[in-house]
Amino acid sequence: MNQKMQELISDSQFVLIGIGPEFGYQMDRQEILKKLNMNMDDFSDYMWILDYLVAEEQKRADVSKYVSAYNHLYEMVKDKNYFIVTLNTDDIIYESMFSREKITAPCGSIGRLQCSCGCEGSIQNAEEIVNSIAHQVWSEKRHLSEIERPVCQTCGKPLIFHTVEQEGYMEAGYLKSWEKYRMWLTGTLNRKLCLLELGTDFKFPSVVRWAFEKVAFLNEKAVLMRVCEKYPQLTEELQGKAISIKQNPLDYLRGTV
Ligand SMILES: [Zn+2]
């Protein structure tokens with residue numbers, strides 16, 4: 001059965017890959033609270049600190065099964081003209097062999113911070129600040145109230161993570177790669193295109209799920225493969241042009257080696 005993905009790829013000139021939450025890493029906040037021997041109420045005024053701790057914890061987590069799934073996928077598509085749209089913000093894909101130049105991540109990245117009021121040029125690498133906050137909590141055992149919230153150098157307002165869940169998310173952070181993706185997609189018109197949609201849900205359906213369905217519908221030479229454990233259903237319009245596999249994409253890809 002796993003052969004199917006390889007067959008579809010081999011038979012195509014272009015491969016568009018959409019990655020969703022089933023392929024994403026979710027750090028469990030409760031785990032962190034347990035380790036700190038605290039509960040959510042202790043953080044009620046300091047939710048921002050928990051965000052930093054989640055980001056730091058994820059940096060140290062074992063994500064090898066995700067990286068290897070990405071690498072299996074890479075091996076299958078590396079000789080094709082491909083592009084990736086990911087809904088995930090975990091940044092794990094950048095640890096794989098996939099080229100950064102061929103990825104757009106419209107939901108942002110847990111590895112970056114931005115100003116909460118959107119100051120231009122405020123998007124920055126989060127690592128140093130994340131490590132500093134985590135150090136104050138874990139090593140220095142500071143009380144949450146003693147930890148100073150990192151702020152924007154321009155306006156002094158708090159920094160937030162550069163992810164779509166945050167109020168004030170700056171779209172500017174991904175527009176360049178998104179534009180590149182749109183151009184790439186234009187070039188697939190009426191070409192043999194294989195769309196691989198891996199583990200999406202209905203949170204931002206217009207970015208991958210519905211968008212891919214539309215592309216598959218409009219391009220006569222396109223074929224769509226949906227691998228999804230929770231929402232594998234296909235629309236009737238795509239009958240004969242789409243295949244669905246009800247399975248977690250990580251498990252599916254593991255079966256391809
Ligand atoms: Zn600012």
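Two strands count as paired if DSSP finds at least two bridges between them. Strands (E, at least two residues) and helices (H or I, at least four) are DSSP runs, numbered from the N terminus. The model here is predicted, so local features need pLDDT of at least 70 and side-chain atom pairs count only at pLDDT 80 or more, while totals for chains, interfaces and linings use all residues. Residue numbers start from 1 along each chain as its sequence is written.

Isoleucine 17 has leucine 196 as its bridge partner in β7, and valine 15 has cysteine 194. Strand β8 (residues 222-227) also pairs with β7 in the parallel sense, again over six bridges, and there leucine 196 sits opposite methionine 225. To get from β7 to β8 the chain passes through helix α7 (residues 209-218), in a right-handed β-α-β crossover; right-handed means that, with the strands pointing away from the viewer, the path from the first strand over the helix to the second runs clockwise.

As for cover, six of the six residues of β7 are buried, that is, 20 or more other C-beta atoms lie within 10 Å of their own, with C-beta atoms placed from the backbone. Leu193, Leu195 and Glu197 point one way, and Cys194, Leu196 and Leu198 the other.

Zooming out, these strands belong to an open, parallel sheet of six, ordered β3-β2-β1-β7-β8-β9. Its edges are β3 (103-104) and β9 (242-245), each pairing on one side only.

Terms used
A residue is buried if 20 or more other C-beta atoms lie within 10 Å of its own, exposed if 12 or fewer, and partly exposed in between; C-beta atoms are placed from the backbone.
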